[in-house]
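I opened a new notebook page for this one.

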There are 2 protein chains.
Amino acid sequence: MTVAGKRAVAEADVVLADHLGPFHLAEEAAREGAELIDVSKLPYGKQVSQDKINELIVSHASQGKHVVRLKGGDPFIFGRGFEEAEACAQAGIPYTVIPGVTSATSAPALAGLSLTHRGLVHEVTIISGHLPPGHPKSLVRWDVVAQMRGSLVLIMAVKNAPAIAAELIRCGRSPQVAVAAIESASTPQQRVSHTTLGTLASDGGA
Amino acid sequence: MTVAGKRAVAEADVVLADHLGPFHLAEEAAREGAELIDVSKLPYGKQVSQDKINELIVSHASQGKHVVRLKGGDPFIFGRGFEEAEACAQAGIPYTVIPGVTSATSAPALAGLSLTHRGLVHEVTIISGHLPPGHPKSLVRWDVVAQMRGSLVLIMAVKNAPAIAAELIRCGRSPQVAVAAIESASTPQQRVSHTTLGTLASDGGA
């Protein structure tokens with residue numbers, strides 16, 4: 001959590017947090033009397049839940065309350081923060097965005113992996129792996145990704161990692177490429193496994 | 001700055017910071033009696049300076065002191081943090097890495113730009129623009145980058161942005177692609193200019 005984020009929570013009348021963002025950090029940082037809402041406990045399905053969160057932010061702010069939405073990671077890196085910002089903008093509610101530390105960069109760092117190294121890597125690509133290659137809604141050209149020369153970070157890819165690895169190999173990446181799989185980053189349960197693209201791909205058939 | 005970073009500085013005997021990292025934050029957070037070293041004032045050239053920083057970290061730590069190296073942004077995203085970590089490892093000095101907020105994601109967020117948006121963008125590529133396309137030491141395949149479908153963040157690219165834009169267009173990207181140029185992000189001097197890839201490319205000939 002950033003110093004700026006903690007200060008914002010401490011100044012809020014209402015704090016909305018969820019299980020992705022550390023709810024206990026919100027509890028620690030909030031001032032006495034502030035209202036804390038655990039939006040992961042809203043009785044709605046996934047899509048509707050985002051609408052409900054937007055609505056809660058806007059309705060509390062419309063009452064003149066100082067509202068803080070605490071998110072895990074960075075709100076604008078696969079964090080849906082822009083949807084909440086848009087809801088505020090549409091309702092005429094002024095807002096500011098406080099950047100956070102995205103897991104896309106912090107998880108490798110905590111695992112001792114540098115995504116860039118002077119003279120070796122000049123680029124990093126961060127891709128959401130929530131859709132498998134070939135999925136009609138996928139916006140990723142994996143054949144192009146396979147030709148990139150820098151580090152590749154897949155997030156939300158637990159399920160699709162083997163299929164993605166297989167596709168990258170099919171498009172020309174070497175099966176010998178080193179892969180680190182990081183689970184539960186930054187928690188006491190953090191686990192780092194080292195493998196190769198080829199082994200990861202064959203896990204899909206296991 | 002993160003809460004964890006601030007806490008680390010507060011517990012240090014020796015803090016090394018530079019003009020890239022906010023030296024005044026180190027001054028604020030350090031405890032009474034801690035030694036603060038502004039490594040940007042070392043009387044050396046650029047390359048030697050990194051060696052000298054590594055040496056200072058190792059020599060102070062070897063004396064049993066608790067050393068903190070405070071860097072701007074994230075130490076492992078084009079931050080040369082890994083070189084300092086390697087120097088510690090080689091000297092047998094235990095260390096931990098505290099991730100920070102990289103300007104590659106925070107500068108766009110502070111400018112109101114989301115690098116990812118649900119259903120529109122599933123990927124972000126961060127590239128160091130310190131070398132122009134075609135430079136013998138460049139590790140970037142700009143022809144491949146031009147075919148990527150997500151957001152592209154160029155850092156350290158003030159000088160080479162027009163040449164990079166021209167190369168991306170030559171490789172097939174539309175001159176109509178929207179570009180935001182962000183200067184002095186997060187400071188009171190922050191300035192955001194909106195343009196297109198085509199206009200940026202032609203700036204190179206101006």
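Before the sheet, I noted the terms: two strands pair if DSSP finds at least two bridges between them, and strands are DSSP runs of E with at least two residues, numbered from the N terminus. I kept in mind that this is a predicted model, where local features need pLDDT of at least 70, side-chain atom pairs count only at pLDDT 80 or more, and totals for chains, interfaces and linings use all residues. Residues are numbered from 1 along each chain as its sequence is written, and chains are lettered from A in the order in which they are written.

Sheet, chain A. I found that strand E1 (residues 14-17) of chain A pairs with E3(A) in the parallel sense over 3 bridges. Within that pairing, Val15(A) has Val68(A) in E3(A) as its bridge partner. Then I looked at the whole sheet: 3 strands of chain A make an open sheet, ordered E2-E1-E3, with parallel pairing. Strand E2 (35-38) and strand E3 (67-69) of chain A are at the edges with a single partner strand each, so one side of each has no neighbour in the sheet. From one strand to the next, the twist averages 15° (axes are lines fitted to C-alpha atoms, and angles run from 0 to 180 degrees between N-to-C directions).

Domains, chain A. An automatic or database domain assignment sets the bounds; for chain A I read domain 1 (3-90) and domain 2 (103-203). The C-alpha centres of these two domains of chain A lie 30 Å apart.

Two copies. How does chain A lie on chain B, and by what turn? I got an RMSD of 0.0 Å with a turn of 180° and a shift of 0.0 Å along the axis (superposed by least squares on the C-alpha atoms of residues with pLDDT of at least 70 in both). The two copies are thus related as by a two-fold rotation axis.

How values were computed
Heavy atoms only, no water. Helix = DSSP H or I, 4+ residues; strand = E, 2+ residues; numbered from the N terminus.
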